Amino acid sequence: MYLSFEETIARITEYEKDDPTNYVYCREKKFPYQVHIYKGENQIIVVPVITTIGWYSTEMAWHRQITDVRNEKLIGETVEAAIEHIQGSPVDARTRKEREEDNFRPKITKYKSQKAFDKNYLWCAVIYHEDGSYAICPGGHNEVEFVYDEEANKVILPAGSSDKVLGRTIIERFKNMETFYAGKQH
């Protein structure tokens with residue numbers, strides 16, 4: 001579900017009016033922007049992350065599936081499209097129910113629970129900074145006993161990096177995670 005800027009501001013105004021604590025809701029997103037990338041079931045899923053009116057981050061309803069998991073240029077272009085989507089979107093004012101309805105996991109994967117999805121998909125984050133640089137932060141699985149060292153495996157790409165370089169770096173991060181976890185299997 002996509003809410004326009006006008007609908008977002010109307011919801012914020014209504015929430016603030018009804019809040020007895022005089023809570024001030026977030027009205028604008030700030031850098032850095034973040035995109036989550038998941039790999040599993042012979043696909044890559046790209047999902048932008050947005051700031052909510054409650055000042056935390058959540059995945060947006062917009063997502064893209066890539067079945068050509070070796071196509072560097074397509075992966076890079078899709079991440080760029082996700083960043084452009086964040087840039088053109090207001091903060092997230094969806095209700096919890098609306099966010100649950102927008103959840104892509106049960107719709108495009110065979111895993112219906114978050115826990116099952118986390119065990120079977122690798123993930124990494126692309127963090128886009130205001131200066132145009134990227135940090136590719138591989139995280140591995142969310143629910144495993146072996147921890148993949150995100151900080152040691154993070155890659156920084158300078159501003160102006162091509163879509164192909166961005167895609168290649170993401171593919172390499174996933175390959176390194178797959179090798180790491182394959183060595184940890186009992």
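Modeller: A patch is made of residues with over 30% relative accessible area and no salt bridge; like charges are joined within 9 Å, and nonpolar side chains (Val, Leu, Ile, Met, Phe, Trp, Tyr) within 5 Å. Accessible areas come from the Shrake-Rupley method with a 1.4 Å probe, and for residues only the protein chains shown count as cover. The model is predicted, so local features need pLDDT of at least 70 and side-chain atom pairs pLDDT 80 or more, while totals for chains, interfaces and linings use all residues. Residues are numbered from 1 along each chain as its sequence is written, and side-chain values use heavy atoms, leaving out hydrogens and water.

Biologist: Which residues make a nonpolar surface patch here?

Modeller: Tyr23, Val24 and Trp55 make one of about 330 Å². Val24 lies in the loop between helix H1 (5-18) and strand S1 (33-40); helices (H or I, at least four residues) and strands (E, at least two) are DSSP runs, numbered from the N terminus.

Biologist: Is Val24 buried or exposed?

Modeller: Buried means under 20% relative accessible area, exposed over 50%, and partly exposed in between (1.4 Å probe, protein chains only). Val24 has a relative accessible area of 57%, so it is exposed.

Biologist: How many disulfides does a search of the whole structure find?

Modeller: A disulfide is a covalent bond between the sulfur atoms of two cysteines, counted when the sulfurs lie within 2.5 Å. The search of the whole structure finds zero.

Biologist: How many salt bridges does the structure hold?

Modeller: A salt bridge requires a side-chain nitrogen of Lys or Arg within 4 Å of a carboxyl oxygen of Asp or Glu. The structure holds 13. One of them joins Arg27 and Glu16, at 2.6 Å from N to O. This pair links distant parts of the chain, with Arg27 in the loop between H1 and S1 and Glu16 in helix H1, 11 residues apart. Arg27 is partly exposed at 36% relative accessibility, as is Glu16 at 21%.

Biologist: Which residue forms a salt bridge with Asp102?

Modeller: The partner is Arg94, with the closest N and O atoms 2.7 Å apart. Asp102 is buried, with a relative accessible area of 14%, and Arg94 is buried at 7%. Shared partners join Asp92, Arg94, Arg99 and Asp102 into one network of salt bridges.
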